[in-house]
Amino acid sequence: MTIHCPSCAAEIVFRSDRTVYATCRSCGSLVVRTDLKVELIGKEAGLPNDLSPLCVGAKGKFEGKAFEIVGRARMRWEDGAWNEWYVLFADGTDGWIGEAQGEFTMLFRTGERVSVPPKGSVRPEQEVRIGKSTFVVTDVKDCTYVGSEGELPERPQLPTAGDANPRTVSVDLDGPGLAFASIEYSDDGTQVYVGRIVEWEELEMSGTRRIEGWS
Amino acid sequence: MTEEPKPAVETFQCPGCGASVRVRAQGTAVTIACEACGSIVDANDPKRQLLEAVSRKSKAKLLIPLGKRGKLFGTEWEVIGVLRRAEHPWPESEECLLFNPTKGLRWLICYDGHWSFAAPARDKPKKLESSGSYGLGLPMYAELNGKRYRRFHRGTEKVTFVAGEFHWRVRVGEVSNTEMFVAGGEALYHDSTAKEDNWSVATYVKASDVKKAFGVTDLPWRRGIGALQPRPAEKDRSAVFKTYFALVAVIFAVQIVTCSSASNHTIHVQSFEYTTAAKDKETRTESFDVGKGIENLEIDLYSPVNNHWLAIDGELVNETTGDTWPFEEGVEYYSGYDSDGSWSEGTTHATKVLSGVPPGRYHINLEPSSDYGAAETGSQSYEIKAVRSVPTFGNFWWALVLLSIPPSILWLVGHYYDRERWSKSDFSPYG
């Protein structure tokens with residue numbers, strides 16, 4: 001579906017029913033669409049440069065299913081930052097590629113009922129049962145939203161009148177083998193994502209970003 | 001995507017000394033230390049404010065310069081940061097942070113001239129509880145993916161120098177508790193601070209490979225054997241020893257089979273009388289037939305000498321082909337009384353094995369000699385016996401000895417390496 005940016009009238013394409021937030025490539029405005037209208041909700045300041053080989057529009061494969069990257073959100077915490085790339089699969093399902101320090105994970109929002117520890121008490125070494133496996137918390141980060149591009153299914157945690165610096169608590173969990181999970185506690189609720197660590201070659205990426213000096 | 005490739009390197013002016021600082025791993029770097037003066041800046045702060053002002057007197061000489069690229073283990077890496085750590089009073093290690101946009105971060109560490117390449121452990125190694133080790137109740141082993149590593153070191157390290165980019169808020173003086181476990185060419189490193197707990201898996205890298213990969217020439221000399229330096233042919237050791245023992249079993253089996261098929265039967269016995277008149281005169285046995293079987297023939301000499309010796313210079317003759325097998329053998333036996341009682345020395349039996357004796361008709365030519373002399377009357381009797389297909393052990397022992405040489409050398413050299421290696425550790429299994 002194509003709409004026009006309420007700020008600069010440039011075209012904004014929504015490739016999926018699931019994505020309701022998008023950043024205008026021309027002016028950086030962040031818009032949300034509902035059944036009735038398109039609303040301007042903020043302005044993207046522009047994402048800092050990084051050496052990620054991924055970009056919106058790049059295509060790849062995961063476990064035989066083809067996907068395309070349609071959006072990205074960048075989060076930062078006290079001691080670093082990471083990218084979350086939103087991907088749409090050919091069969092209509094969606095997922096997220098987590099990218100931090102050159103390592104990649106593929107995660108999916110879980111349909112399982114998960115007994116999640118309360119936000120204030122989650123600590124490393126705690127165990128959380130997700131589906132049939134037990135995961136162990138490795139990291140608890142207090143993070144904020146840096147910026148986004150492309151289309152996203154969830155509202156980014158932008159500063160609002162009431163909260164100038166909304167914080168999300170992002171928890172990493174390690175599962176058996178390469179299994180990996182993430183719990184995000186935000187003002188909009190708590191989300192659990194499950195998936196695994198992936199090697200770059202496995203994704204068979206094409207249309208990736210060319211970084212000068214790296215072939 | 002047909003965009004212009006994004007520039008990989010940015011530069012800015014160091015707020016500490018004004019030197020030009022290059023940023024190579026944007027997005028991954030959290031702090032950047034100026035190579036010239038050591039001042040540390042927040043990588044994600046567009047204003048580049050100082051996190052820590054340091055004033056190094058001069059630009060330090062790095063083993064591998066920042067920005068150098070090298071291919072190790074199939075991937076191209078760029079050195080984005082270098083730090084040095086030390087545990088007083090031991091020498092510093094120099095640790096290079098390597099980066100690749102699709103592979104992530106690795107460490108290339110040099111200590112005592114030995115290099116290792118460390119990657120974050122995907123699974124957390126398990127320390128194996130053992131009691132009473134060195135009286136500390138300290139786990140002596142750590143296990144990862146079925147491989148057991150023995151504790152080599154435990155201590156605290158302090159960062160003494162930083163240059164370039166790092167993925168955490170490193171500071172000079174930062175202290176971490178470290179543990180190291182080693183096993184055949186690999187090691188597990190465990191570093192923990194108040195904030196972080198990291199396990200890495202490390203592999204030994206030869207200094208020559210580092211030189212070749214990064215194009216550097218001046219690397220420190222190696223001191224002794226490195227903690228994770230593999231023994232010669234480390235990967236093949238287990239196969240070599242397994243093959244050796246299998247071959248030893250084969251040699252034993254062959255020997256057992258050969259011995260049990262040795263008929264060991266006497267085919268001719270003949271007695272002779274030796275008199276001084278017969279000395280050095282040739283005589284011969286009757287002819288006898290030698291049948292099939294293991295093609296050897298044992299010639300036994302028996303003579304009940306007492307305080308004499310008797311020797312024969314003989315040859316086995318094949319009456320059909322004329323082939324001969326010369327041999328010499330002798331017996332001597334002495335006995336008597338002295339202050340300690342009766343004594344005896346020597347033997348009255350001798351044997352000699354002739355090999356490669358095919359079936360046929362034979363006789364033995366004999367030339368006897370003895371010190372049985374004119375003073376004695378009578379004669380000294382002796383008996384010659386021919387025994388067919390006797391079990392022999394000569395080849396068996398030679399085969400065992402020769403086969404044992406390569407694995408023994410491998411074991412001895414490996415043992416030397418291990419003793420040298422562990423001499424640097426407080427947890428040596430050699431005491």
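Helices (H or I, at least four residues) and strands (E, at least two) are DSSP runs, numbered from the N terminus.

A word on what we're looking at. This is a predicted model, where local features need pLDDT of at least 70, side-chain atom pairs count only at pLDDT 80 or more, and totals for chains, interfaces and linings use all residues. Residues are numbered from 1 along each chain as its sequence is written, chains are lettered from A and ligands numbered from 1 in the order in which they are written, and side-chain values use heavy atoms, with hydrogens and water left out.

Let's begin in chain A, with Asp139(A). You'll find Asp139(A) in strand E12, residues 133–152. Buried or exposed, or something in between? Asp139(A) has a relative accessible area of 27%, so it is partly exposed. For the cut-offs, buried means under 20% relative accessible area, exposed over 50%, and partly exposed in between, with a 1.4 Å probe and protein chains only. Next, who does Asp139(A) meet? Skipping neighbours within four places in sequence, Asp139(A) is in contact with Ser170(A), Val171(A) and Asp172(A), where contact means heavy atoms within 4.5 Å.

Trp77(A) sits in strand E7 of chain A. At a relative accessible area of 22%, Trp77(A) is partly exposed. Not counting residues up to four places away in sequence, Trp77(A) touches Trp82(A), Lys141(A), Asp142(A) and Cys143(A). And from Trp77(A) to Thr144(A), 67 residues along the chain, the C-alpha atoms are separated by 6.3 Å.

Most residues other than glycine have a negative phi, and most peptide bonds are trans. Ala9(A), though, has a positive phi, near 70°. Look for Ala9(A) in the loop between strand E1 (2–4) and strand E2 (11–13) of chain A; with 49% relative accessibility, it counts as partly exposed. Glu63(A) also has a positive phi, near 50°. That residue is in the loop between strand E6 (59–62) and strand E7 (65–77) of chain A, and its relative accessible area of 58% makes it exposed.

Over in chain B, there's a cis peptide bond between His88(B) and Pro89(B), with omega about 5°. Pro89(B) belongs to the loop between strand E7 (75–86) and strand E8 (93–100) of chain B.

Staying in chain B, on to the helices. Helix H3(B) runs over residues 394–422, and its 29 residues should span 42 Å at 1.5 Å a residue; the end C-alpha atoms are 41 Å apart, which agrees. That expected span is 1.5 Å times one less than the number of residues. So where does H3(B) kink? At Ile405(B), by about 35°, shortly before the proline Pro406(B). The bend at a residue is the angle between axes fitted to the seven residues ending there and the seven starting there.

Several residues of H3(B) are buried, including Phe396(B), Leu400(B), Ser404(B), Leu410(B), Gly414(B) and Trp422(B). What do the buried residues pack against? Strand E13 (147–166), strand E14 (175–183) and helix H2 (237–260) of chain B.

H2(B) itself has 24 residues and reaches 35 Å from first C-alpha to last, close to the expected 34 Å. Its buried residues are Arg237(B), Phe241(B), Tyr244(B), Val248(B), Ile251(B) and Gln255(B). An α-helix has 3.6 residues a turn, so residues three or four places apart point the same way. H3 of chain B is part of what covers the buried residues of H2(B).

Last stop, the cavities. On a 1 Å grid over the protein atoms alone, a cavity is a set of points where a 1.4 Å probe fits but cannot get out, and lining residues have an atom within 4 Å of a point. How many are there of 30 Å³ or more? The whole structure has 2. Of the 16 residues lining the largest cavity, the closest to its centre are Glu99(A), Gln101(A), Gly102(A), Gly27(B) and Thr28(B). E8(A) gives the most to that lining, with 3 residues.

That's my tour; over to you.

Key: 1 Å grid on protein atoms, 1.4 Å probe; cavity = no way out; pocket = protein on both sides within 12 Å on 5 of 7 lines; lining within 4 Å. Points joined across faces, edges and corners; volume = space filled by probe spheres on them.
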